[in-house]
Each structure stands twice: as structure tokens, then as C-alpha cells.
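Please find below a short note on the structure under review. The numbered points take up the chains, their helices and the DNA in turn.

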Protein chains: 2
Amino acid sequence: MELSLQIKMNEKLFIRNPEETELGREIILHSIVLIHKAGFESFTFKKLAEKIGTTEAGIYRYFENKHRLLVYIVSWYWSWLEFKVMVHTNNIQSPEIKLKKIIEILATQVKDDVNTKHVDERLLHEIVRMEGSKAYLTRHVTDDNKQRLFKPYKDLCATIAAIILECNPKYKYPRSLSSTIIEMAHYQNFFMHNLPSLTDFGNVKDDRKVIGFLEDLVFASLFPVKRK
Amino acid sequence: MELSLQIKMNEKLFIRNPEETELGREIILHSIVLIHKAGFESFTFKKLAEKIGTTEAGIYRYFENKHRLLVYIVSWYWSWLEFKVMVHTNNIQSPEIKLKKIIEILATQVKDDVNTKHVDERLLHEIVRMEGSKAYLTRHVTDDNKQRLFKPYKDLCATIAAIILECNPKYKYPRSLSSTIIEMAHYQNFFMHNLPSLTDFGNVKDDRKVIGFLEDLVFASLFPVKRK
DNA sequence: TTTACAAAGATAGTATTACTATCAATTAAA
DNA sequence: TTTAATTGATAGTAATACTATCTTTGTAAA
């Protein structure tokens, strides 16, 4: 039996649903490859069209512009991640262990899951580390947010916040701590590789160091008294 | 007596030093106004040139491109902020109180200092909140970093890390905690205003809430045992 | 007082980007 | 078999991100 994961995406994200056609899936697949290779700034629909043997106009039939396409793939990533979190924490009782697992998932390099044929999750994870915040750091955040484009990110944040509250129902900042964990899982990794003096592990460049830092941060906040 | 603050900027940031000429200062002044008004993406040298009554070519004599100009003003901000931190913590003995002061400075809306005539610090602070990370979230971070373009940011981070170590010499992640504070002082504020469900203070929108969160985070990490 | 030289103004031009429009060919569904 | 949807092919436009050149202006040394 082979299971394939299908994520239902917000319809506002696209003009025509890319998951439904061969061309659409090619667009997703190769936009990830191209953005990963050269960065979002240098990515254009023209280059993408050439790569997959179609025309610019062809891409525009699926996505309004390249920013929407970015928001699409980043949203896909957050949805996929929440699914992954669900699967891996489902059978865990202790909220503390759940949280640790989540931190590990957030901060660890992805080995390409074979879940989905037209998305390379490892590349996508690396894209989100570097380009993810550009999805919302715009002048039209508020409009985009009204269209619920960021729902997957917010859902993930809420899920983690709920587990934080399970750990300590009196903790005052579950959502802010949650968004801090998510952002820092990416940023500390980015810093470690690119601006190492902003971290304490520039010389070792090991994901597990970032995990150590985040765990320390989170559990110190949640259990200010009990810890050694 | 009137003191005016002069910040020495890395020469790699510009082609011709904008602080030395009237036109140069106009460029800085109005680029801040324009980026603040419509965001970095929609900012162009053409618009800037029109605004200050010169030509595109005129601007290109000072800055290689608009990204360099962004890095310039963001770097200026970090230098200015480190100066501000120095002034406000200079006479404080206790490293804990120093840290609190720094968090307050980082997370509080700036009232326009009259220090500098050609920079509106309040606008600049708001720009850095929204556009700051775009300075380093590029494919050429490593090159830019080699040219020491991010030195002011890294210096500030190191300064805060040193104070963290004064608070608790055994704390293992002074730099990462420092960069976390700096980034989150901006991000939590951005979230609070634009994606409120990622924080715990979307309904109140008060800088002091962000300060409360950051203080809790930092001091829980630094004093895992002692705190109530 | 002339010379000269740096800064700025004026104008032009190019390659690329970010689109929009149109029409024909192909495929799939009714 | 007709119709409708999808794609391909081509063209075109306005704006962006530059580079180049030439002239004017102000200032400062000879």
C-alpha cells in the first residue's frame, strides 16, 4: 500500500490549482529547485518557464505573481510540518516530550520524505529557513492575512502553544514562545551557517546545538522553579 | 552646547560617502522616508531621485544599488542603537538591570532623537522592524559578511552577550540568546501589529507586553533556579 | 585671475522584469 | 461529434535596474 499525502491549499493562493495538472505540479517542483538554487530574488517566471519547457504566460495562469507562489510553497511547508508534528507526537503522553520532539522536527535537516512526488521537502525546508519570513514581511501582510494566506503557520503556532500550556497552564506567553521557537529554529540555523558570531555554535555547525539552545530556552521559561 | 552624533560607516557600504555632501544626506533622509512609507520592495532610485530633485544617475554615484542602501541605513541603525545602549547602561552596576534596560531600548518605540539632522530615528526603527532581516537574508550574505557589512549588528550582539555572561558566567548560549532577544524584540512587535495570533498581546498592542515576554524569557534562561 | 577639478545635472540608452493580450493547436468531457 | 478547457506560441508594454556620456557649476589651488 502506498499512501500519498495531499494537502488542501487555500484557494486564494493560486489562480488555477497547481496540484491538479501535470504542468501545475511541474511549476511547484521546479520553482522549489530554482528558488533553492539561486534564491527568491533572482527567481523569475521566465527562468522557471524555460526550465520546464513552457512560457511565462503559462505560469501566470497558475499564479498571480512570484510572491504568491512563494507564499504557496511556504504555506505548503507549514501544513506539511503540522502534519508531521501530529504524526510524531500522536502517541506521546507527556507534553514535555512532545515539545522536545517538535523542537527536534523544527530544527533538524529534513531527509526527503517520499510522501509527495512533486515536492522535495528537504529543499523546501532550506528555502523556508532563508526565504520564509519574506512571505509575510511585506506591506500587504494585512490584506494577505485577511485572505487567510498564513493560516497554516498560525495553526502550527497554535498547536505548539497548546502543548506549551499543557506543560504549564500558568505560563503567560504560550503563543509568543511558540512563534519564537519556530522563528529561532530557522534563524539560529541560518546564523550558524552564515553569520556564525551571532550564535554559540558557529564552529561546530550542528543542528543538535540549536536544539539544545531551544530546549534550554523553552524549559527554563516553562519551569522556572523546578529545574536544576 | 550642541552635540551631534557622527557614526563612522564601513566604506564598503557606499561608493561616495553620503554624510559628506548635501545631496548624500538628502539621499539618506528621503530614502528612510520613502522606504518607511511604501516598503523596501516598492522603493526605487527613480522615485527617490524625483523626490529629492536629482536623477537616478545621481543616486548611483553614492550607492551601488538599493540593497546596499538598505544595508547602509540598517547598519547605521545598529550602530546608533549600540551607542544608545552604551549611554543608557554606562552608569548601571547591576548586569541584570543593564539587560532590562537593553530589552526596553530594543522593544520600545523610538521618539525621534534630535541627535542627527538627516536621520529620523523613529522611522528608521520602524523600517528595521519590518525590513531589517532582508539586509542579510540574501544569497550574498557570505560575501557581504566578508566585507564586514554586518559588523554593527554583530557588535551589538556581542555587547549584549557579554552582559548576559556577567549575569550568569555559566550560561551556555550567550550569543544565541542575544540574537534571539534582538530579533524577537522586532518580530514580536511586528506580529503583534500584523499577525496578532502569533503573540499573546494582539488585542492590547502594547510595547510593554513584548518587554514583559522578553524579560521573562531571558531571566528564566539565566537564572533557572533562583526565580520565584 | 585663470586653471582645474570634483560634484552634480541632463539626457540617452540597454537588458531584464513583471506583467497582459491574442490567437491557434491540442486534449478531454458531454 | 461538438464543445469547452488547457496549453503553446507570439507579441507587446511599462517599469526596473542599471551604464555611459557630456555639460554645467562651484570651489580651491596655481
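Predicted model: local features only at pLDDT ≥ 70, side-chain atom pairs only at ≥ 80, totals over all residues.

**The meeting of the two chains**

1. Between the two chains, 42 residues of chain B are in contact with 41 residues of chain A.

2. On the side of chain B that touches chain A, two or more residues each come from helix 7 (141–146), helix 8 (151–167), helix 9 (174–194) and helix 10 (207–222) of chain B. Helix 9 of chain B gives the largest share of that side, eleven residues. By residue class, the side of chain B that touches chain A holds 19 nonpolar, 13 polar and ten charged residues.

3. How are the two copies related?

**A helix pair within chain A**

4. Two packed helices are described by the angle between their axes and by the distance between the axes. For helix 9 (residues 174–194) and helix 10 (residues 207–222) of chain A, the angle is about 155 degrees and the axes lie 10 Å apart. Because angles over 145 degrees count as roughly antiparallel, helix 9 of chain A is roughly antiparallel to helix 10 of chain A. The crossing of helix 9 of chain A with helix 10 of chain A is right-handed.

5. Which residues make this contact? From helix 9 of chain A come Leu177(A), Ile181(A), Met184(A), Ala185(A), Gln188(A), Asn189(A) and Met192(A). They meet Asp207(A), Val210(A), Phe213(A), Leu214(A), Val218(A) and Ser221(A) in helix 10 of chain A. The residues of this contact between helix 9 and helix 10 of chain A comprise nine nonpolar, three polar and one charged.

**The surface near the DNA**

6. How many residues surround DNA strand C? There are 15, and the closest are Ala57(A) and Asn65(A) from chain A, with Thr21(B), Leu23(B) and Thr54(B) from chain B.

7. At least two residues of the surface near DNA strand C are supplied by each of helix 3 (56–60) of chain A, helix 1 (22–38) of chain B and helix 3 (56–60) of chain B. Helix 3 of chain A provides the largest share, three residues. Sorted by class, the surface near DNA strand C has four nonpolar, six polar and five charged residues.

Methods:
Residues numbered from 1 in each chain as written. Chains lettered and ligands numbered in written order. Near = placed C-beta within 6 Å. Helix = DSSP H or I, 4+ residues; strand = E, 2+ residues; numbered from the N terminus. Nonpolar A, V, L, I, M, F, W, Y, C, P; charged D, E, K, R; others polar. Contact = placed C-beta atoms within 7 Å. Axes fitted to C-alpha atoms, helices over the stretch in contact; angles between N-to-C directions. Parallel < 35°, antiparallel > 145°, perpendicular 65-115°, else oblique. Left-handed = near helix turned anticlockwise from the far one by under 90°.
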